[in-house]
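Colleague: I'd like to learn how to read salt bridges in a model. Can you walk me through some?

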Amino acid sequence: MKKKLDIYIAGGMTMKKVEVLVRMRLEKKIVVEVEDVEEAERKAGEMIDEMDREEYKEFLSSSRMPYGGPFVEKVSLEAKVKMAIDGFDPYVLCPGVDAPYDEYDGESSRIAEKIEHDMSKKEIADIIAKEFTRSFNTEFTIEECMWPAEEIYDYLKNQV
């Protein structure tokens, strides 16, 4: 999938679309039956995991944001690289789920430091491949690293 830079004129002003990160925290109290209080969090997670689409939709819509709404920020290059690398996850570690949230942060930081705005997808994939090869002592190819490189490249092209 290719993204194109969306620039258009609206009301005499040049407008552009910029990628932003929206973080929301929702809260909802639920009641769970447990024999031991220590089990409560696990049991609540299981209940949520077992919900079908409609139950989950209702659960989310009946939750509340505790302190004034979503937090929105423009995505930095470093944040976009982290998102792309965490999504790439070549060892299926699932940062933030089955592995620490910062599992690939070292690699992401070193990759972001080397990226320049005028690089091609192949140049970005080469940086990623070299960093993962160095970090994990396993050969990574440019082709294997093309997906996160495309994500980063598209981000760079949309930054005007």
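Modeller: Happy to; just keep in mind that this is a predicted model.

Colleague: Which residue's side chain meets Glu46 in a salt bridge?

Modeller: The general idea is to look for a Lys or Arg side-chain nitrogen within 4 Å of an Asp or Glu carboxyl oxygen. Here the partner of Glu46 is Arg42, with N to O at 2.5 Å. The two sit 4 residues apart in helix 1, so about one helical turn separates them. Glu46 is partly exposed at 30% relative accessible area, and Arg42 is partly exposed too, at 45%.

Colleague: How many salt bridges does that rule give?

Modeller: The count is 10. Another one joins Asp126 and Lys130, at 3.1 Å from N to O. That pair is again 4 residues apart, this time in helix 5, or about one helical turn. Asp126 is partly exposed at 24%, while Lys130 is exposed at 55%.

Colleague: Which residue forms a salt bridge with Glu131?

Modeller: That's Lys114, with the closest N and O atoms 3.6 Å apart. Glu131 is in helix 5 and Lys114 in helix 4, so this pair ties together parts that are 17 residues apart in sequence.

Colleague: Is Glu131 buried or exposed?

Modeller: Buried, at 2% relative accessibility; Lys114, by contrast, is partly exposed at 43%.

Colleague: What else does Glu131 contact, leaving aside neighbours within four places in sequence?

Modeller: Besides Lys114, Glu131 touches Glu107, Arg110 and Ile111. Its C-alpha atom is 7.6 Å from that of Arg110, 21 residues away along the chain. A salt-bridge network links Glu131 with Glu107, Arg110, Lys114 and Arg134.

Terms used
Residues are numbered from 1 along each chain as its sequence is written. This is a predicted model: local features need pLDDT of at least 70, side-chain atom pairs count only at pLDDT 80 or more; totals for chains, interfaces and linings use all residues. Side-chain values use heavy atoms; hydrogens and water are left out. Contact means heavy atoms within 4.5 Å. Buried means under 20% relative accessible area, exposed over 50%, partly exposed in between (1.4 Å probe, protein chains only).
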